[in-house]
Amino acid sequence: MALKTKFDFMKFKMTALLISASVIVVGLLFIVMQKGLDYNIEFNGGYLMQAGFYEKVNISDIRNAFSAGDFAGIEIQEFSDQNTEKFGTEVVLKVETAQQDIKTLEKNITEVLNTKFGKDKYEVRQSTSIGPKVGDELKSSTIQAIFWTVLLILLYITIKFQFKFAVAAVMALVHDVSITVGILSILGFFFGYEISLPVIAALLTILGYSLNDTIVVFDRIRENIKKLEGMDFEKMVNTSINETLVRTLLTGACSFMVVIILIIFGGEVIRDLTVTLLIGMIVGTYSSVYVAAPIVVVWENFHHRKRHLKKA
Amino acid sequence: MKEHNNMIRWIIFAILFSWAIYALIPTYQTYFSSEKQTVEKIKIKSDLSKALAKQERGEDLTGLESNLIKTYGEKADYLSLAPEEIEKLAAFEKQNLKSLALGLDLQGGMHLVLEIDYDQLLKNKATKKDKQLEDILAAAKSRAGSDKEIYLAEVKTAFSEKNVPMNNYFGRSGESDEKILASLDSAAKKGITTTLEVLRNRIDQFGIAEPSIQPRGKHRIVVELPGVKDEERATKLVNQAAFLEFKIVADNEILQQKVNDIDIVLKNQNDYLESNAISTDSAAVSKAETPAVTEAKTDTSKATDATKLFSDSAADTTAAAATDEELSKNNPFKSLLVGGQRGEILVKGKNKLKVEELLKNDNVRNVLGNHEFVWKNKPDVYNNEEYYEILLVDKKASLDGTSIVEASANLAGDNSATGGWEVPFELNRDGGRVFAEVTGKNVGKRLAIILDNKLYMAPNIQVRIPNGRGVITLGGGTAEEARDMAIVLKAGALEAPLEIMEKRIIGPSLGSDAINSSVKASLVGSLLVVIFMIALYKLSGVFAVIALFLNTIFTLASLSYFKATLTLPGIAGIVLTIGMAVDANIIIFERIKEELGEKNTILSALNAGYDRAFVTIFDSNLTTFIAGITLYQFGTGPVRGFALTLMIGLIWNMYTAVVMTRLLTDLFMKKNAKSISI
């Protein structure tokens, strides 16, 4: 038999909205504190090289090798990956630059590595050079994509449900993405976490996931509007959330489980993506109960009080 | 009625499933069959033999290559490479073409985003090149920014601001600005199509399996070269303009005349500037020259002082009498030149930039008139110092490389003067006729062979060459260099030069790491999902798992069938669809449980559950699908990969989660059943 719960979720709707708002504000504060998001070179332009040395190499030796010469702003980090036994030391060299001529930079870095460590002592596992133009375009195309997505979803939900549901769903999306980005920024403050392309892919996944969750709840509300006609709107929403609660929790648990597995076994290469997913899924599950539905209720109550409409 | 419907559904399923299996067979063979390991070993062997051959020739090895030799070089079973093994490798790679392609992030390779360099294109098209043109183009470039659409318009504005008619530099004299702009615009538009073609030709000959060369927008080309190991070579191959020209070398008298004239104009210019007490760059340059000249003089064992080259000129007397400082003051240009052993003119490596700067001077350009200096492609080394040869040639090319039909790489015979590699080429009939005419008219003169504004050689024309055949000697160099030159000559020149906007190189080991870890993670994740679903929903859970499995199969089959590539973000897309598929089943089963409490019969509960759940699933999948569409439309590379797999997965999800689980439930549930395993 189906599990029947009767939690009064809507009782805490204002508290929940306040909590969400304050988490967003804290995230924003961190973003402002760090003077904007910490974008990867994919967005800012620059050069990145991941090099694997076959023998163990001291990271400070590598740093010293690049201290002389014109390597202003070079970042050198050790990169550890459980999946690679082949290399003694792996490092990531990164230079953020807005100049178009990355070729020279690339040549100079390779030259230093070749002369100081030997051409046959390491292999380039990956390298990326991005012109600043491409980075700017990537930013604008990502923003464009998100804008159109939100607009079309607003339209679709307005047609299939009502305008207030559409607004609430989009608010839930904004909530999820901004909290996730805020948490990433906090992580960035402490652990140097950057906005990279995989992070964007993860944010998009969260967009889809959160939307899916919200629609399931809304769908039940839509059904109950007809089925439980006459019932107080807030109560009806509460019933709907309770009716879908088992599903929400089961799906949440299942996704959570899979993402944890991805974090453990997925390795360093997709860690940015998986960590972002984990944060987003937790936030997304929460928001379908405590952001989307409360906004609809608050809206409806406001409307109700103002116009004394009969129909809930 | 119901039975009949299900029959049709099963038939549709059978068709879809057979199609999916058919689409996936090559993929299975490529990545999972026992053949894979054999082929991988052959691949290592073939890479090893190439690396060893390179080592034998004494060429520089990359880290990857030396590691290969270190790991496998001692193992006897890796050192033999039978011809049939190479055939097997080739056959296997051919088969690969039909299988699901992995993105560069998974298999390693090079990804390039190239943009037509309009600035350079216009410079190439210009009939006259001077400082003013450079200034105007630079102004237009900075104003247009990254927006190529308005670049030409900005060029026009820049011209009119300076009050310079465009026909000073482009098209025929007297032609209107509009007409010139239109023809430049069409040249730019044609640029991208011809460039695509040339790049395809080059890359085909380079021998890369499954390259992808696609236009993106109006001005860009995306090149993906899977499995490329020597990125420097590949970049050059893609990026090299490969503009071959044949130019007649100016006679010695003209050369001397021009050198003296250049000195005179430069001296006058410097005197004028000095008299105005303004220290300018070029004045500073000529002052700084003094030590260099002294060195050149003491270094007479190999190279003689430039002035001795022109012993019959007026400079002779000057040189004899003048001190070094006066020499550089009176002969700002000549003092930078050094005479070589064979009578050629050399410039010290460290003076190269200064000379280039001097030659850009407008007055010097005027003096040169119909002639120009070209630089040798690589320096000669005397006494551990680099010297670059410069040569005065006709500005107008007698013939260009567009008529080359055949080119190859050859090891020059021992009797050849320079030894090393050479590239024999053959011109088409028209080109051959012009070549014969030019060589016939200029017997006794020298013909400079210039590639991308760099002098390769300038042999004496001894007789008229009637058959349109010639040879370019590289003077040393490697086999690869010769082969690449043959490729670019044959494939043709890039009319519009390309600028590299983005370059990503993923080493093969990183790609396989990514595959290994994501496959491992997906397997463990899937296993957990299977346990989760079966524990929750028993037999229905099994149906759900089957539906999930089918969803994945169908999604991969679609990707493979439509020749899409699977990338890391693509895998993320699949993970999301699997998540949504699990969710769809949870929604259905929870709904049925709910309905079971209200409805009388199991069948009516089932029907009501599926019907209601379908509405929910349809809405949630469709909204996510909408997100997929916009992401695909506006996203670039990796985002698109994600969106594509997401959309395909969602379509299949609607089918497998709703139709397939129902079919399976109907199959296992007896009529009038009293209970259901859920």
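Modeller: Let us start with a crossing: α7(A) passes α8(A) in a right-handed manner, where right-handed means that the near helix is turned clockwise from the far one by less than a right angle, and left-handed anticlockwise. Helices here (H or I, at least four residues) and strands (E, at least two) are DSSP runs numbered from the N terminus. This is a predicted model, in which local features need pLDDT of at least 70 and side-chain atom pairs count only at pLDDT 80 or more, while totals for chains, interfaces and linings use all residues. Residues are numbered from 1 along each chain as its sequence is written, and chains are lettered from A and ligands numbered from 1 in the order in which they are written.

Biologist: At what angle do the axes of α7 and α8 of chain A cross?

Modeller: Two packed helices are described by the angle between their axes and the distance between the axes. In chain A, the axes of α7 (residues 197-227) and α8 (residues 233-265) cross at roughly 135 degrees and come within 9 Å; axes are lines fitted to C-alpha atoms, for helices over the stretch in contact, with angles from 0 to 180 degrees between N-to-C directions. The pair is therefore oblique, since angles under 35 degrees count as roughly parallel, over 145 as roughly antiparallel, 65 to 115 as roughly perpendicular and the rest as oblique. Residues of α7(A) in the contact include A:Val216 and A:Arg220, and those of α8(A) include A:Ser240 and A:Glu243 (C-beta atoms, placed from the backbone, within 7 Å).

Biologist: How do the axes of α22 and α23 of chain B lie to each other?

Modeller: Helix α22 (residues 508-561) and helix α23 (residues 568-598) of chain B have axes that come within 10 Å and cross at roughly 10 degrees, which means that α22(B) is roughly parallel to α23(B). Among the residues that meet are B:Tyr537 and B:Leu548 in α22(B) and B:Ile578 and B:Phe589 in α23(B).

Biologist: Which element supplies the largest share of the side of chain B that touches chain A?

Modeller: The contact joins 62 residues of chain B with 64 residues of chain A, and the largest share on the chain B side, 15 residues, comes from α22(B). Strands take part too: β4 (residues 122-130) of chain A and β19(B) run antiparallel and are joined by 5 bridges (strands pair if DSSP finds at least two bridges between them), with A:Gln126 opposite B:Ile506.

Conventions
Two residues are in contact if their C-beta atoms, placed from the backbone, lie within 7 Å.
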